[in-house]
Amino acid sequence: MAIITTFESLDQQIKKAGGKPVVLEALWSGDTNGWYLSCYLYTVTYPFFFRREHHYFLGQVAVPEGTEYFTNSKLTIEGVAEALGNQAAQKYGLTFYFPAKDGPDDECPAWTERHLGILCQDCGKLILPRKSPYIPQEICYPCHLKREWDESLRKAEPADDGYNLCLLKGDECLKMGYCTKFEAFTIAPFIRDKVQQRITKEIVSIVALDIADILVLKGQLETVLDKLLLAYEKPYIEERMKKFIGTYKVQYQGREYELMDRRNQVHADIASYIYNIETAEKAITEGYTYQFFFKQGITSRDDSVLRFVHYVCKGETIIFNIQQRYVHSLTAEEVSATIGKLVQIGCLTVSGERVSITTLGNCIV
Ligand SMILES: [Zn+2]
C-alpha cells in the first residue's frame, strides 16, 4: 500500500491509475489502532467512445517528517491531505472531495453516496444520517461530543474520578500509573486501609505512603508474585489467533518470562506485579514517597482549566488565553471564579496576568 506524504507520491499514484482523473476522495476510517485517512480516485476513460468510470484506492495519507504543512503550528494528517488535494485539483482540474477536513470522522458519505448526506447543524459537515436513538440526528459525532462537553462545563458537573500514582521527592513528580477508579490499581487491596485512614476532607486530599509503608507493600507484592510464578506457563497461542495476540519478555530475579500481550489474565497479573515491585524498589532506593490525590469537589470546569494549562499551554499561560479558550462555553466571571478556586486549593498560581500550574495541579490531571 502506498503511503502518501508529498504531492509527488500522490501524483505518482494518480498517474499509475491512468485515464482522466475527475474526483479525488479522502475518507477516514478507524479501528482500535487509530484513525486512517485513505485516498481514492475516480477516473473516466473513453474506449470506443463509450464513457467508463473507474474507482481506485491510491493509498493512505501520513504526516511526512520535516514538512512545511502546518495546522495551528501542529502537523496533522488532515492538513497534509488538504494541501495535497488542492494541489491535485489545480493540476488536473479535478474535484477534491474531503468531507471531514477538521479531523477524524467516519460518518461522512463517500462521493457516490453524497446525495444521502445531511449537513451537520453545528459545523456544516456532510454526514450520513445516524441510526442510533441515543445520539442526536442533526449533528456529527465530534459536534455531539463538543455539545456534551459544553453542557458539562455549564453545569460544573463533578469530575472527581481519575487517580494518578505519583512518586514525589521535593518538587519532582513522576506519574507511575493512572486509573479511573482507585480500586483498579494492582496495589489497591494492599494499601486500602492505610489510605482510608489518611484521607482528609479537603477538596484535594493528599495521601502519602512513606518508605516504611512501601517496604511492607513490596513484601506483600513479592509474596503474591511468587505464587503467580509457580503457576506460570509459557504462552500457547493457536495458529488462527497469532494475528491478534503477541508475546513479550520480562525479567524478574535473573529469570526471563515470556508473556502474552492479551487474553491471559495470569500473564497480565505477572507483568503488573513485576512493574509494581520495580516501582516500589525505585521509590525505596531513590527516596521517593508514594502520593495519591483524592478529589472531593473538583468540577468539570476545574478539571478542564487545569488540563488546558497543563497539556495545551505546557504548564504556563496568561489569564487572557484561558478566557479565550472558554469564550463560547462560560462567562468571564465563571472562568475567573474557576481560576480563583484552583489557586485557593493550590493547583495554580497567579502572578499578575501569568498563570502557572503547581506540582499539585500537575499531579491531579
Ligand atoms: Zn459537526
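**The open sheet and its surroundings**

Analyst: In this predicted model, helix α1 (residues 7-17) lies across β1, β2 (20-31), β3 (34-45) and β4, and runs at about 155° to β4. Helix α2 (residues 77-92) also packs on the sheet, where it touches β1, β2, β3, β4 and β5; its direction makes about 170° with that of β2.

The sheet itself is open and has 5 strands in the order β1-β4-β3-β2-β5, with mixed pairing. β1 (3-4) and β5 (95-97) each have a single partner strand and stand at the edges, so one side of each is left without a neighbour in the sheet. The pairing of β1 with strand β4 (residues 52-61) is parallel and covers 2 bridges. Within it, I4 stands opposite V61 in β4.

Among the aromatic pairs, of which the count comes to 14, is that of W28 and W35: the ring centres are 6.5 Å apart and the planes are at 85°, so the pair is edge-to-face. W28 is buried, with a relative accessible area of 7%, whereas W35 counts as partly exposed at 39%.

Y97 and W111 form another edge-to-face pair, 5.3 Å centre to centre with 70° between the planes. This pair links distant parts of the chain, 14 residues apart: Y97 is in strand β5, and W111 is in the loop between β5 and β6 (118-119). Y97 is buried at 9% relative accessible area, and W111 counts as buried at 19%, because the limit for buried is under 20%. R114 lies over the face of W111, at 3.5 Å from the ring centre.

Key
Residues are numbered from 1 along each chain as its sequence is written. This is a predicted model: local features need pLDDT of at least 70, side-chain atom pairs count only at pLDDT 80 or more; totals for chains, interfaces and linings use all residues. Side-chain values use heavy atoms; hydrogens and water are left out. Two strands pair if DSSP finds at least two bridges between them. Helices (H or I, at least four residues) and strands (E, at least two) are DSSP runs, numbered from the N terminus. Contact means heavy atoms within 4.5 Å. Axes are lines fitted to C-alpha atoms, for helices over the stretch in contact, and angles run from 0 to 180 degrees between N-to-C directions. Rings of Phe, Tyr and Trp (its six-membered ring) pair if their centres lie within 6.5 Å; planes under 30 degrees apart count as stacked, over 60 as edge-to-face and the rest as tilted. Buried means under 20% relative accessible area, exposed over 50%, partly exposed in between (1.4 Å probe, protein chains only). A charge sits over a ring if NZ of Lys or CZ of Arg is within 6 Å of the ring centre and within 35 degrees of the ring normal.
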